[in-house]
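Hello,

Here is the structure I promised to pass on to you. Have a look at it first, and then read my notes alongside it.

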Amino acid sequence: MQVKVVIGTIAFMLTMIILGYAALREPERLEHFTAAREGRMVETGAKLYFDNCATCHGVDGTAQECYDSLGNPIDCQGLPLNNYFLVCGDTPARLEQTLFEGTKEQFIERTVSAGRSGTAMIPWSERYGGPMRDDQVKNVAAFVLNFANEELCAAEPISFNWPDSVDDFFVMETEDFVAAAGDPENGAAVYTSFACNSCHGNVDEAGSNQIGPWLGDIEEVGATRVEGETAVQYVYNSILHPNDHIAPDCATGPCIGPPSAMVQDLAFRMSNYPQYMVDLLAYLIGE
Amino acid sequence: MATFFEQVSEMGVKQAVITKADEVVERLTAGMNISDIRSALRGDEPRRPNPRLRPHADSFWFHIRPSFYHTEVTHIYPTFRLGWLSTFMFVWETITGIILMVFYTPSPLVAYDNMWNILGNVPLGQLMRNMHRLGAEVMVLVVALHMLRTFITGSYKKPRQFTWATGVILLTFTALLSFSGYLLPWDQLAYWALTVFLSGAEAAPAPPELNANVLLILQGAPSLGAGGLLRWYLFHVLLLPLLTAIFFFVHYYKVVLYGISLPPGREEIGEDTAKRVPKDERTYFTPDILTSELLWTALITLFLTAGSLWFWDAPLEHHADPIVTPLHVVAPWYLAWSQGWLKLADKTIVIGFIPLLIVMFVVMPYVEVGKSRRYADRRVGLTVACLFFTAMLVSNWMGSPEFRVQSSPELEVAQEVMPQEGANVLLGVPYEYLQTGIYLPGEEISDNPYLTRALEEFEAAMQNHSCVLNGNPDMPREGIWDDCRELEGGRFGNDFGDNAMPDPFAALRITQEQANMVRLTLMFEVLDPNNPGEYLVQSGDSIYAFRHEGSFYEEECRFLNKDC
Ligand code: HEM
């Protein structure tokens, strides 16, 4: 019996030592598992992203493949996600532009879940009729935020320095950009690829606008909106600074704002393709 | 009796405190004072009248234990302590389970997140989870072994038939407890194991309306979801433990009533002397049995704690997904036999047979009424038991996917080295060693033992599922593969099976996907020897997995029960 007492006591003490050891290494282990959780969410999110999102937002998330080698928009409508203004810092610019008050995680989760009405971004959450469960939405958001890395977030990318005056813009000459004559046909393509038509409708068909004002007659009415601004200057401003002036009549009544319901980040999105601005203005104003 | 203050004035503070403590201890133990306990621990003879018997009359916990055993049943043989260990496991599961309950909500929206919270946020949470899950498996094993031993020693015979019958029910509950807990993490493993199990209910040999309604009750909705999870949670934490506890007390009451049966050779045939214990053959509960039980408690606690920390790890797969069926859905080992049967026989027959089997076990002692418990007189019974045991082991093996593989060979290779679920040999390579590039199976990568080992495994898997027809200059290591056997339907076989790729090309491609994440793609190409220019297998980019820097699969690979 004494032997049993001794063995039992030793076993009990060993158990206690093991528990003590386990408790000591606990902080480190918890850290590892938190990272593992994060990592696996990103992995699952990656799968979902490539199956569902990459066709619009690009395989590398820059939405670059939305343009062919000549810079013409092809059938692809996504915004870039692998992008400083969406994923870097605590309150990335895209949140501020849309006056979103929460965190960037919430911003992305919300956008993925509920979509952006009027654009090709459908609501993805099954709560709003989409295909994804909550956990999947979270995983996709984790993947998107994982684009943030030291290199991308090192410094704010220099975006195109849009001049205030549209006339200065047309004659602008920088290393990368010299405005060519506007091409209305390409402007029409830009109009759809940036999804302007989803709110403003078809310019050839009065009343086809869904949300914003119809733009078929903007050549005339644009000149009357803001004193001292020509139609082309007005349209140029409205694209770059949508909140500066709120148009009187929208599809379903007076336009709301400021802030305007207009897409807020075109200045940034068109930075890589300033010629598109020229073409778009040529299309809308016939300049 | 004098009050404490009177005692103080009478004998001084020190003596009064000692007297008081003695009194308190005697009350707590319902009969033994401090010196009685010390003498019991020293192994001294008890004083007369024996104070060690009083707790068996007066205390709750001891009154359900007999005050002495026949010395013959206190050695390892014949009980192997398996009944006590079963009891211990039940208590163990209750304690660890209650701790886990604190951090768990039975809802598909959060259950899976809860598991990660337990793993990554609750101090000692992973240990607790491993202990509970390892304990569940050990408990099934211990209870089954206990059943085996009571069969072998013939302890199910008269008058202990009913003890045996309640035992069979306890085993059923134990398996159900284990299995109902299986669903709670709400991961792929859980979801599909239960879905397959429940699909059995549909095939039961009963009117289809009845089956449909049973299924509906069991899964709470037309498909397994929030309602089903809640139900199985309640089975697991409420109904089954309650029923198990009730049957345990009935079972144990009968054990005390009839006494533990002596080893078969120790009594006359047809006699039951367990309760007639001569004075000199008694081993008293206090201190001997108690010490021995505490010893076993300490040992198995040590075993379970060390096992949970270093050797065995509870699995956690991806979030349950009703749309994505894993390649091989495997039942837990203690139910794998039924999966084996399902591969052989019609579903309805198998599902009907399982309850029949339980009933057969329950009534067995009432039908098999041979008087003798001695081994020599029970050759038929023991042989049948051995055959049954072997049949179960074989069925279990048949339940594993090794038996009758159905899917295509390239998916089988992928399943071996990079399955969709769980840590595996490729994901287990530490992140820093996953350099981008294209690698052939069996390739040796200098300064990279991890990737080299993974590629070795890749080669071994290829060897199982490939064969040589004409030779393939792109795969220089094919010398070790078998020659192809041509089969009907344009398929090919090798020495391992009827599902091989002739002259395949295979490679692992690692590409950088994000700054801290790579993609591993397994690429397979097999030309169709019968249709030149056509591919028999061309997997393209379809077989891949992502590996994030932080996902820590290498940690999982340290455990014995992980396949990497
Ligand atoms: C939760 C499950 C179970 C618990 C907690 C349990 C507990 C016990 C305990 C403590 C004993 C005392 C003797 C010993 O340690 O061997 C015992 C005896 C016995 N058990 Fe169990 N048992 C369980 C399951 C079973 C099963 C599955 C069977 C068989 C189908 C079974 C049949 C018996 C029989 C026949 C005895 C009497 C043995 C004898 O008198 O030699 N029990 N059980």
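Below I go through what I found, one topic at a time. Please keep in mind that this is a predicted model.

**Where chain B meets chain A**

Let's begin with the contact between the two chains. Chain B contributes 54 residues to the contact, and chain A contributes 43 residues. Together, chain B and chain A bury about 4,000 Å², and 62% of that area is on carbon and sulfur atoms. Three salt bridges are counted between chain B and chain A. One of the three pairs A:Arg37 with B:Asp113, and the closest N and O atoms of this salt bridge are 2.2 Å apart. There are also 19 residue pairs in polar contact between chain B and chain A, counting pairs with both residues at pLDDT 80 or more.

Which elements of chain B give two or more residues to the side that touches chain A? They are helices H2 (34-42), H7 (111-120), H8 (125-152), H13 (285-311) and H19 (553-556), together with strands E9 (505-514), E10 (517-527) and E12 (544-548). H13(B) provides the largest share of that side, with 13 residues. Sorted by class, the side of chain B that touches chain A holds 28 nonpolar, 16 polar and ten charged residues.

**Around the ligand**

Next, please find the ligand. There are 26 residues around the ligand, and those that come nearest are B:His146, B:Arg149, B:Gly167, B:His251 and B:Ser261. You can follow a few individual atom pairs here:

- The side chain of B:His251 has an N or O atom 2.8 Å from a nitrogen atom of the ligand.
- In the side chain of B:Arg160, an N or O atom is 3.1 Å from an oxygen atom of the ligand.
- For B:Gly83, a backbone N or O atom lies 3.3 Å from an oxygen atom of the ligand.

Four helices of chain B, H6 (82-101), H8, H9 (161-183) and H12 (226-258), each supply at least two residues of the shell around the ligand. Which helix gives the most to this shell? That is H9(B), with seven residues. By class, the shell consists of eleven nonpolar, 13 polar and two charged residues.

**A glutamate to look at**

B:Glu267 sits in the loop between H12 and strand E2 (282-284) of chain B. Is B:Glu267 buried or exposed? B:Glu267 counts as buried because its relative accessible area is 6%, under the 20% cut-off. The side chain of B:Glu267 makes a polar contact of 2.8 Å with the side chain of B:Arg373. Leaving aside residues up to four places away in sequence, B:Glu267 touches several residues, including B:Asp272, B:Arg373 and B:Arg374.

**Some backbone details**

Two cis peptide bonds can be found in chain B. One runs from B:Arg48 to B:Pro49, with omega near -10 degrees, and B:Pro49 is in the loop between H2 and helix H3 (54-58). The other joins B:Thr286 and B:Pro287, with omega about 5 degrees, and B:Pro287 lies in helix H13.

B:Phe80 has phi near 55 degrees and is found in the loop between helix H5 (76-79) and H6 of chain B. With a relative accessible area of 39%, B:Phe80 is partly exposed. B:Asp503 has phi of about 45 degrees and lies in the loop between strand E8 (501-502) and E9 of chain B. B:Asp503 counts as buried, at 13% relative accessibility.

How values were computed: Residues are numbered from 1 along each chain as its sequence is written. Chains are lettered from A and ligands numbered from 1 in the order in which they are written. This is a predicted model: local features need pLDDT of at least 70, side-chain atom pairs count only at pLDDT 80 or more; totals for chains, interfaces and linings use all residues. Side-chain values use heavy atoms; hydrogens and water are left out. Contact means heavy atoms within 4.5 Å. Buried area is the accessible area (1.4 Å probe) that two parts lose on being put together, summed over both. A salt bridge is a side-chain nitrogen of Lys or Arg within 4 Å of a carboxyl oxygen of Asp or Glu. A polar contact is a pair of N or O atoms within 3.5 Å; within protein, one must be able to donate a hydrogen and the other to accept it, and residues adjacent in sequence count only if both atoms are side-chain atoms. Ala, Val, Leu, Ile, Met, Phe, Trp, Tyr, Cys and Pro count as nonpolar, Asp, Glu, Lys and Arg as charged, and the others, Gly among them, as polar. A residue is near a molecule or strand if one of its heavy atoms lies within 4 Å of it. Buried means under 20% relative accessible area, exposed over 50%, partly exposed in between (1.4 Å probe, protein chains only).
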